[in-house]
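Subject: Structure handover and notes

Hello,

Here is the structure we discussed, followed by notes on what turned up in it. Please read the notes alongside the coordinates.

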Amino acid sequence: MNRNRKKLLALSLSATLGAVPLLLHAQEPAQQRTLGSVERSHASQARALLDSAVLTFQAKGPEQALAAFNDRNGEFVHGQYYIFVLGEDGTMQASSGPSASLVGLNVAELKDAAGKSFMREILDKSAKQDSGEVEYQWLNPADNKVENKLSQFRKVGDHVLCVGYYIPRATAEHAKALLERAVQQVKDKGAEAAFRNFNDPRGGFVFNDEYVFVIGLDDGRYRASGSSPNLVGVDVRNVNDAAGKPLFKEMIELARKQGSGSVDYVWRNPATNAVEQKHTLIQRVDDVLLGVGYYTRP
């Protein structure tokens, strides 16, 4: 990569973050937000299952389709993706997932972990439009934690067919564990081999919205950036976040003085494509700093 190309990447990075207030305003309606690559994949798989369920419902009719949707070992369960069906009155008519225990009950006023009547929102939206989506907070049985979930719905006659997926979001504990593993990788494998792994999406150090980055303390240049390997070699010392904070200078200073710590700023989440609050943990290793962050909504 030549020097001009690297300067353009740095300028592009600054310009993108500088436009954050406008982007946030434009993305307020859920339907208008642009999904990141990870969430886009989840959304695509959920939509494919929902499409299949709609076709089955139309071809076989309610009785056979609902029986298929209630089969927890059937074709409408793909890992975290499963079908659930609501009647217009709010009765749960089918579910092939953890909500199977609610089948036959009226769930119209069921609330999520934050007290949101998300089922009511699905019903109200489906009364006005044939398809849409609703976001809420729900227990993820995979890790037994409450996480953001988004359910797509499709209205078919007087039934509302739905498929949900969890929106990936790392935690402080996840970030700390990944940083510790990355530091150990540098010590065990050497810097060059470790940086190659950090830059490789299949290297074991990129998970949804979580990744490792490495910056030189003397020249401020990326040695690795799991979410954007094309940034390797770019000097980021003059890059600020959307609030004008010189985040990388702060990281470098912190690494020099204390060896480790955390820095808070706003940054684009590669999983959701939204600009969010980010909290990055850093650790100095020789002449570089390693960083891993996690995101929270503004």
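Helices (H or I, at least four residues) and strands (E, at least two) are DSSP runs, numbered from the N terminus. The model is predicted, so local features need pLDDT of at least 70 and side-chain atom pairs count only at pLDDT 80 or more, while totals for chains, interfaces and linings use all residues. Residues are numbered from 1 along each chain as its sequence is written, and side-chain values use heavy atoms, with hydrogens and water left out.

Overall

The protein chain has seven helices and 12 strands. Its mean pLDDT (the predictor's confidence in each residue, from 0 to 100) is 86, and 86% of the residues reach 70 or more. Residues 7-32 are the stretch to treat separately: pLDDT stays under 50 there, and the model has 30 contacts for them beyond four places in sequence. Contact means heavy atoms within 4.5 Å. Among contacts between residues at least 6 apart in sequence, 52% join residues at least 24 apart. Of the 298 residues of the chain, 45% count as buried; buried means under 20% relative accessible area, exposed over 50%, and partly exposed in between (1.4 Å probe, protein chains only).

Cavity

Rolling a probe the size of a water molecule over the atoms shows where empty space is left. On a 1 Å grid over the protein atoms alone, a cavity is a set of points where a 1.4 Å probe fits but cannot get out; a pocket is an open set with protein on both sides within 12 Å along at least five of seven lines; lining residues have an atom within 4 Å of a point. Grid points are joined across faces, edges and corners, and a volume is the space filled by probe spheres set on the points.

By this rule there is one cavity of 30 Å³ or more. The largest cavity has a volume of about 80 Å³. Strand E2 (81-87), helix H4 (118-128) and strand E4 (131-140) come into its lining, each with at least two residues. Among the lining residues are Tyr 82, Phe 84, Phe 118, Met 119, Tyr 136, Trp 138 and Lys 149. By class, the lining has nine nonpolar, one polar and one charged residues. Here Ala, Val, Leu, Ile, Met, Phe, Trp, Tyr, Cys and Pro count as nonpolar, Asp, Glu, Lys and Arg as charged, and the others, Gly among them, as polar.

Two of these lining residues, Phe 118 and Trp 138, are also in contact with Lys 111, as are Lys 116 and Ser 117, leaving aside neighbours within four places in sequence. Lys 111 is in the loop between strand E3 (92-95) and H4, and is partly exposed at 45% relative accessible area.

The largest pocket has a volume of about 530 Å³. Of its 25 lining residues, the closest to its centre are Glu 147, Ile 167, Pro 168, Arg 169 and Ala 170. Strands E4, E5 (145-156) and E12 (288-296) each supply at least two lining residues, and E5 gives the most, with four. The lining divides into nine nonpolar, nine polar and seven charged residues. Domain 1 (37-166) and domain 2 (172-296) each contribute at least three residues; the domain bounds come from an automatic or database domain assignment.

Glu 147 is also touched by Asn 140, along with Lys 145 and Tyr 166, not counting residues up to four places away in sequence. Asn 140 lies in E4 and is buried at 9% relative accessibility.

Other residues

Ser 126, in H4, is buried with a relative accessible area of 4%. Beyond four places in sequence, Ser 126 touches Phe 153, Lys 155 and Val 160.

Tyr 265 lies in strand E10 (residues 260-268) and is buried, with a relative accessible area of 4%. Its contacts beyond four places in sequence include Asp 241, Leu 247, Met 251 and Thr 280.

Most residues other than glycine have a negative phi. Asp 286 has a positive phi of about 60° although it is not a glycine. Asp 286 is in the loop between strand E11 (275-285) and E12, and counts as exposed at 64% relative accessibility.

Regards
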